[in-house]
Amino acid sequence: MKRPLIVSYSYSGNTHQIAQKLQTIISGDWCEIHPSQPYPMAFAELLEQVKGEIKAGCYPQLLPGASSPRSYQVIFIGSPDW
């Protein structure tokens, strides 16, 4: 059986910690994703930007990643729940 892929984006580091633990448990490959424009560090500004993106149906552009998901049958994805 092929290894699963774990993809994560983490604003504060919590989601990456969970992804790393999952990687250890299931022996999967892990790939971090990052937006091409970093989110503001001030939480109020972050929430304002994210709410605007959600309302507009905007998806932030991501930096190129190292792993292509095409060859994986199982993919776990973790991100903040704004």
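**Close-up views of a predicted protein model**

**Figure 1. The largest pocket has a volume of about 450 Å³.** Of the 23 residues in its lining, Tyr9, Ile33, Pro60, Leu62 and Ser79 are the closest to the centre of the pocket. Three elements, β1 (5-8), α2 (43-56) and β3 (75-78), each give at least two residues to the lining. Sorted by class, the lining residues are 18 nonpolar, 3 polar and 2 charged. The model shown here and in the other views is predicted.

**Figure 2. The protein chain holds 2 helices and 3 strands.** Read from the N terminus, the elements follow the order β-α-β-α-β. Along the principal axes, the C-alpha atoms fill a box of roughly 45 × 25 × 20 Å. The protein chain has 82 residues, and 24% of them count as buried. Its accessible surface is about 6200 Å², with 57% of that area belonging to carbon and sulfur atoms. If contacts between residues at least 6 apart in sequence are taken, 69% of them join residues at least 24 apart.

**Figure 3. Confidence in the predicted chain is given as pLDDT, with a mean of 90.** A pLDDT of 70 or more is reached by 96% of the residues. Helix α1 (residues 14-26) has the highest confidence, at 95, and strand β2 (residues 29-32) the lowest, at a mean of 92.

**Figure 4. Ile33 sits in the loop between β2 and α2.** Ile33 is one of the residues closest to the centre of the largest pocket. Ile33 and Leu62 are 29 residues apart in sequence, while their C-alpha atoms are 6.9 Å apart in space. Leu62, like Ile33, is listed among the residues closest to the pocket centre.

**Figure 5. Ser8 is a buried residue of strand β1.** Its relative accessible area is 1%, so Ser8 falls in the buried class, for which the value must be under 20%. Which residues touch Ser8, apart from its neighbours within four places in sequence? They are Thr15, His16, Ala19, Trp30, Cys31, Glu32, Ile33 and Gly78. Ile54 is 46 residues from Ser8 along the chain, and the C-alpha atoms of the two are separated by 19 Å.

**Figure 6. Ser12 lies in the loop between β1 and α1.** Ser12 counts as exposed because its relative accessibility is 58%, and the exposed class begins over 50%. In sequence, Ser12 and Pro80 are 68 residues apart. In space, their C-alpha atoms are 8.8 Å apart.

**Figure 7. Ser27 has a positive phi, near 55°.** Most residues other than glycine have a negative phi. Ser27 is a residue other than glycine, and its phi is positive. With a relative accessible area of 41%, Ser27 is partly exposed.

Notes: Residues numbered from 1 in each chain as written. Predicted model: local features only at pLDDT ≥ 70, side-chain atom pairs only at ≥ 80, totals over all residues. Heavy atoms only, no water. 1 Å grid on protein atoms, 1.4 Å probe; cavity = no way out; pocket = protein on both sides within 12 Å on 5 of 7 lines; lining within 4 Å. Points joined across faces, edges and corners; volume = space filled by probe spheres on them. Helix = DSSP H or I, 4+ residues; strand = E, 2+ residues; numbered from the N terminus. Nonpolar A, V, L, I, M, F, W, Y, C, P; charged D, E, K, R; others polar. Buried < 20%, exposed > 50% of the residue type's maximum accessible area, 1.4 Å probe, protein only. Contact = heavy atoms within 4.5 Å. Areas by Shrake-Rupley, 256 points an atom, 1.4 Å probe, with all protein chains shown as cover. pLDDT = per-residue confidence, 0-100.
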